[in-house]
Protein chains: 4
Amino acid sequence: MTFTAPLTGVVPPVCTPLTPDREVDTASLIRLVDHLVRGGVDGLFVLGSSSEVAYLTDRQRRTVVETVVGHVGGQLPVLAGVIDMTTPRVLDHVRYVTEAGADAVVATAPFYTRTHPAEIARHFRLIAAGSPVPVLAYDLPVSVHSKLAAELVLGLAAEGVLAGLKDSSGDEGGFRQVVMGARARGGISGFSVLTGSELVVDSALAMGADGVVPGLGNVDPEGYVRLYRYCREGDWERARAEQERLCGLFGMVAVGDAGRMGGSSSALGAFKAALHLRGVIDCPATAEPQVPLSAGEVERVGKFLAGAGLL
Amino acid sequence: MTFTAPLTGVVPPVCTPLTPDREVDTASLIRLVDHLVRGGVDGLFVLGSSSEVAYLTDRQRRTVVETVVGHVGGQLPVLAGVIDMTTPRVLDHVRYVTEAGADAVVATAPFYTRTHPAEIARHFRLIAAGSPVPVLAYDLPVSVHSKLAAELVLGLAAEGVLAGLKDSSGDEGGFRQVVMGARARGGISGFSVLTGSELVVDSALAMGADGVVPGLGNVDPEGYVRLYRYCREGDWERARAEQERLCGLFGMVAVGDAGRMGGSSSALGAFKAALHLRGVIDCPATAEPQVPLSAGEVERVGKFLAGAGLL
Amino acid sequence: MTFTAPLTGVVPPVCTPLTPDREVDTASLIRLVDHLVRGGVDGLFVLGSSSEVAYLTDRQRRTVVETVVGHVGGQLPVLAGVIDMTTPRVLDHVRYVTEAGADAVVATAPFYTRTHPAEIARHFRLIAAGSPVPVLAYDLPVSVHSKLAAELVLGLAAEGVLAGLKDSSGDEGGFRQVVMGARARGGISGFSVLTGSELVVDSALAMGADGVVPGLGNVDPEGYVRLYRYCREGDWERARAEQERLCGLFGMVAVGDAGRMGGSSSALGAFKAALHLRGVIDCPATAEPQVPLSAGEVERVGKFLAGAGLL
Amino acid sequence: MTFTAPLTGVVPPVCTPLTPDREVDTASLIRLVDHLVRGGVDGLFVLGSSSEVAYLTDRQRRTVVETVVGHVGGQLPVLAGVIDMTTPRVLDHVRYVTEAGADAVVATAPFYTRTHPAEIARHFRLIAAGSPVPVLAYDLPVSVHSKLAAELVLGLAAEGVLAGLKDSSGDEGGFRQVVMGARARGGISGFSVLTGSELVVDSALAMGADGVVPGLGNVDPEGYVRLYRYCREGDWERARAEQERLCGLFGMVAVGDAGRMGGSSSALGAFKAALHLRGVIDCPATAEPQVPLSAGEVERVGKFLAGAGLL
């Protein structure tokens with residue numbers, strides 16, 4: 001799969017199904033990929049935050065890329081997260097995910113360490129220099145604890161360092177600056193501006209975003225594909241209705257008792273419970289040390305599915 | 001080196017000397033270790049934050065442990081950081097650092113992901129279950145973005161999960177709670193409470209801390225060894241004078257222009273410049289994407305050394 | 001002016017012109033109000049953050065409300081901020097702004113002190129009980145350092161405590177939850193959901209927001225009035241073009257050198273410089289201890305005005 | 001009371017007793033002041049955070065200063081907090097607290113608004129220019145959300161702007177920098193470095209701090225007076241034992257159920273419950289919208305008192 005045109009459309013961050021003993025369940029992963037492809041998605045993003053990338057060992061990460069590329073490589077682009085603390089470690093991930101066939105890599109700013117915009121720019125330049133495939137920046141302040149400024153992203157795009165942005169910052173004003181800036185500097189050919197939001201996809205597409213990377217797209221790929229199409233057709237009324245249905249479904253991320261578990265356990269646990277309830281994956285387990293949902297919490301996930309017409 | 005008694009004394013987090021092309025400079029690393037051992041330190045902590053652990057690849061991390069253990073193993077305890085985002089990845093690091101001979105491992109709470117005290121506790125329990133050597137908790141909110149509560153640490157100590165705490169939180173009130181709690185639950189045999197502070201070591205030891213893990217100890221191990229001895233002897237006047245001399249020396253961490261680089265580049269750059277100026281290591285380079293100190297900034301490091309009587 | 005129907009449309013937070021010795025310049029304030037009314041706005045919000053409410057003494061705040069209500073009271077609704085740390089202090093502000101004729105009050109959650117959702121709810125209940133006019137909640141985490149959860153706001157709306165929300169949180173997903181929730185609980189008659197954003201007004205109105213409270217509306221009220229009208233007419237193409245022009249104009253908030261001043265000095269200084277350059281107010285001074293813009297920075301404000309066709 | 005020498009010793013931030021209907025209970029306030037004076041304190045700090053200053057109206061604040069100065073003025077120095085968002089509002093507080101006889105004022109950096117070190121410096125310079133009495137800086141990042149850098153404080157001290165620092169930042173390393181800097185610049189005559197800590201008073205005094213401003217000093221003034229004396233005498237063993245007894249007592253601040261109330265409700269509720277149980281004040285009510293402690297929580301406060309030998 002070459003990656004010459006800007007990436008557009010719905011590119012879900014693919015969940016990583018696990019066996020009860022927390023190994024990658026490749027059979028379920030293939031079924032999940034089939035479910036997404038059948039749903040009409042335009043690309044796949046493996047090893048993102050919704051994929052529990054932070055919890056997967058290097059061996060497991062490689063298995064994920066090999067499995068997905070082996071199954072659908074060439075049919076649609078496969079982007080792979082190369083999530084780690086700093087440049088040298090990220091470059092190690094770039095090596096094996098591209099050996100395994102990833103069509104593009106997605107990297108955050110450095111984290112854990114105290115950093116600086118000059119260091120973030122250098123980080124992306126070195127990654128691009130070391131990567132045989134295009135590099136997208138991943139803006140996720142809730143995890144990385146720094147925000148990628150619009151000017152920084154646009155500058156690196158103009159240099160040819162970045163081929164796109166996946167923005168999960170929740171800062172729609174800043175996102176718009178990147179969208180407008182990319183358009184203004186028409187020369188940034190092939191630069192993709194993607195939103196990681198589940199809740200304001202219609203807004204992002206109305207602004208001019210190229211695509212969307214919604215975690216909830218695992219559960220309801222058809223919904224996001226319809227939403228994308230309505231937006232592209234300029235049918236904003238139907239887009240809003242579809243988006244609002246998906247907002248209701250998204251409520252599942254809060255089923256987990258906040259007194260008993262963190263936000264990741266709740267949200268990723270809900271996505272996996274929903275995939276399990278829908279019969280897509282064999283086991284809803286999340287990786288250690290996340291706390292599993294209770295039976296009652298899983299039942300509430302089922303109600304969200306039913307409410308959205310998915311059960 | 002068995003690790004049966006509580007660890008006490010000065011245990012510097014060993015810097016990782018690099019070659020100009022950013023490979024581990026094992027000859028310089030051995031000279032640095034000799035410099036520390038000659039300085040009288042009681043143990044070595046490799047692969048901590050001051051060791052640029054966040055910037056080292058797994059291969060480089062392994063090289064560091066093998067080099068240090070190969071050189072001084074058995075003479076004094078070698079602790080190794082197993083710094084990564086979550087339990088499964090940390091356990092991979094546990095495996096190779098203990099194969100390489102580390103006497104204990106030092107792990108943070110999960111980071112990058114949204115977590116919860118129940119998940120942090122489970123994380124340490126699983127690490128302890130999977131580690132052939134004792135586990136110390138590393139409290140570093142500036143990197144990890146969560147704080148280890150005193151009760152959590154003391155509970156895990158009482159369970160036998162944790163063999164110690166390295167507290168770099170800067171919260172001396174919370175630190176004191178752990179010191180007092182460990183003493184009160186006299187049953188926590190072998191639990192070591194270590195401060196990561198460079199600036200209030202005398203205070204921490206006066207409270208009852210077992211030891212100190214100062215990054216600046218790379219530059220002036222003799223100073224921290226003297227400081228530790230004065231405190232143990234109850235000579236608080238000389239302790240204060242020594243501590244204040246070290247506080248002055250610590251000013252070097254701010255030589256880097258904050259408009260041009262992050263705090264890590266400045267502080268680790270200064271430590272390495274000082275080691276280079278003192279003739280201990282061959283090259284002052286820090287790992288990518290950190291920004292190097294300018295010639296003028298290195299000159300200021302030299303003035304700090306001169307001011308502290310070290311040049 | 002009764003305030004029975006939900007407030008809709010463009011309700012700018014009115015800047016507070018100052019004399020060179022930092023007293024309220026009532027003549028300029030009246031000219032600014034005329035400029036806004038001529039621009040077609042639907043209401044006025046005095047004593048908000050863009051009004052430098054945090055910098056005005058109680059005497060000055062009272063002067064502002066008296067001046068504005070005295071000039072336009074009865075023509076269009078005047079909302080007044082009652083910004084202070086906790087309930088008893090807020091209630092003092094409620095007293096004098098309503099004596100001076102404010103049609104509604106706008107209050108934040110408690111700040112400075114450590115708070116809790118139960119205390120925030122109690123705070124708004126007590127304010128509503130003590131206020132002769134409707135109360136709107138002001139969500140501004142950048143100042144208040146806590147976020148108003150959608151469920152909290154909707155619950156207080158259903159109770160009849162809150163008559164509206166002014167959301168300056170930048171969290172468009174959360175904003176949408178309030179919009180959808182208010183609609184779903186159709187019983188919340190007269191509840192207004194207003195966005196404080198300058199940059200995604202079209203998105204907010206497309207979601208179903210009732211109105212917009214843009215600081216930049218001081219500088220270009222006609223622009224936001226047009227934008228509002230296009231959105232209400234469903235002319236999303238022209239809305240986007242108008243919004244993008246305003247996004248370009250908004251760039252003025254960053255003219256101030258971040259090495260020399262804070263964000264408030266830069267943004268409020270730019271708005272006032274623009275109003276001065278457009279001949280609306282006599283003096284562009286901001287309140288102490290804000291840092292004034294330099295001549296060069298003011299010149300750049302002029303370029304933003306020119307670029308947007310306003311000079 | 002002139003205020004010519006540097007302030008030293010124990011200067012508790014005086015709680016503000018309230019009646020059941022949340023007015024200042026001046027009779028209880030006088031009894032509390034007598035309790036503190038009898039306990040041997042060296043000064044009184046009214047209208048600090050532990051005084052619930054954020055919850056008191058201007059009228060109530062004035063009542064507090066008048067009551068305390070009227071009762072003990074001339075016997076020992078009375079410092080008054082002038083806590084508000086920015087310079088003009090702080091100057092209003094300066095006016096009435098000094099009219100009421102305060103011997104010094106204590107001000108934070110600007111809050112609610114986005115600020116900058118240059119603006120913070122200008123803020124303190126303007127306050128000092130407008131104040132007839134000395135000005136102390138109050139460093140409380142948990143409330144103010146910015147940290148006063150040691151260099152800023154020392155520079156303003158050298159200029160004669162600041163007469164002291166009350167440091168409640170919890171950053172003992174930074175505190176030490178101020179202590180050492182004030183000593184090094186011997187010319188800063190009359191500059192007082194005070195810690196707001198309850199838990200590391202012995203450490204702060206060992207470093208060279210001039211005094212201590214402990215909220216818990218309301219409950220046990222004798223304890224802090226003894227602790228201060230032991231430290232001044234260099235009897236560090238007894239100092240540590242006394243400090244550790246006070247650390248145990250301090251545990252009362254966490255009696256409040258965190259699921260039901262914020263940290264301020266719990267800590268200030270506990271101090272007032274303790275003063276009520278000890279018979280010093282008539283009513284333990286805290287200001288609105290704080291949540292009252294339950295009967296069971298008050299009982300636990302009693303156990304802390306008993307454990308420390310105070311009941």
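This briefing covers the contact between chains A and B, selected salt bridges, and two buried residues. The model is predicted. Chain A and chain B bury about 3,800 Å² between them. Over all chains, the whole structure holds 81 salt bridges. A network of these bridges links A:Asp58, A:Asp84, A:Arg89, B:Asp58, B:Asp84 and B:Arg89.

**Interface of chains A and B**

- On chain A, 48 residues are in contact with 48 residues of chain B.
- Carbon and sulfur atoms account for 56% of the area buried between chain A and chain B.
- The size of an interface is often given as the accessible area lost when the parts come together.
- Between chain A and chain B, 27 residue pairs are in polar contact, with both residues at pLDDT 80 or more.
- On the side of chain A that touches chain B, the elements giving two or more residues are α2 (58–72), α3 (87–99), α4 (117–130), α5 (141–144) and α11 (263–277) of chain A.
- That side of chain A has 20 nonpolar, 18 polar and 10 charged residues.

**Salt bridges between chains A and B**

- The interface of chain A and chain B has 6 salt bridges.
- One salt bridge joins the side chains of A:Asp84 and B:Arg89, at 3.3 Å from N to O.
- B:Asp58 forms a salt bridge with A:Arg89, and their closest N and O atoms are 2.8 Å apart.
- This pair crosses between chains, from helix α2 (residues 58–72) of chain B, which holds B:Asp58, to helix α3 of chain A, which holds A:Arg89.
- B:Asp58 is partly exposed because its relative accessible area is 25%.
- A:Arg89 has a relative accessibility of 3%, so A:Arg89 counts as buried.
- A:Asp84, A:Arg89, B:Asp58 and B:Arg89 are among the members of the salt-bridge network.

**Salt bridge between chains B and D**

- The side chains of B:Arg183 and D:Glu244 meet in a salt bridge, at 2.8 Å from N to O.
- B:Arg183 is in helix α7 (residues 172–184) of chain B, and D:Glu244 is in helix α10 (residues 236–250) of chain D.
- B:Arg183 is partly exposed, with a relative accessible area of 40%.
- D:Glu244 counts as buried, at 15% relative accessibility.

**Salt bridge within chain D**

- D:Arg226 and D:Glu242 form a salt bridge, with the closest N and O atoms 3.2 Å apart.
- The pair links distant parts of the chain, 16 residues apart: D:Arg226 is in helix α9 (residues 221–232) of chain D, and D:Glu242 is in helix α10 of chain D.
- D:Arg226 counts as partly exposed, at 28% relative accessibility.
- D:Glu242 is buried, with a relative accessible area of 8%.

**Annotated site at A:Val213**

- The unreviewed UniProt entry has a "binding site" annotation that covers A:Val213.
- A:Val213 lies in the loop between β8 (211–212) and α9 (221–232) of chain A.
- The relative accessible area of A:Val213 is 3%, so this residue is buried.
- Beyond its neighbours within four places in sequence, A:Val213 is in contact with A:Val11, A:Pro12, A:Pro13, A:Phe45, A:Lys166, A:Leu194, A:Thr195 and A:Gly196.

- C:His123 is in helix α4 (residues 117–130) of chain C.
- C:His123 counts as buried because its relative accessibility is 0%.
- Not counting residues up to four places away in sequence, C:His123 touches C:Thr86, C:Thr87, C:Val90, C:Thr108, C:Ala109, C:Pro110 and D:Pro289.

How values were computed:
Residues numbered from 1 in each chain as written. Chains lettered and ligands numbered in written order. Predicted model: local features only at pLDDT ≥ 70, side-chain atom pairs only at ≥ 80, totals over all residues. Heavy atoms only, no water. Helix = DSSP H or I, 4+ residues; strand = E, 2+ residues; numbered from the N terminus. Buried < 20%, exposed > 50% of the residue type's maximum accessible area, 1.4 Å probe, protein only. Contact = heavy atoms within 4.5 Å. Buried area = accessible area lost by both parts, 1.4 Å probe. Salt bridge = Lys/Arg side-chain N within 4 Å of Asp/Glu carboxyl O. Polar contact = N/O pair within 3.5 Å; in protein donor to acceptor, adjacent residues only side chain to side chain. Nonpolar A, V, L, I, M, F, W, Y, C, P; charged D, E, K, R; others polar. UniProt positions renumbered as here; feature names shortened; annotations may be inferred.
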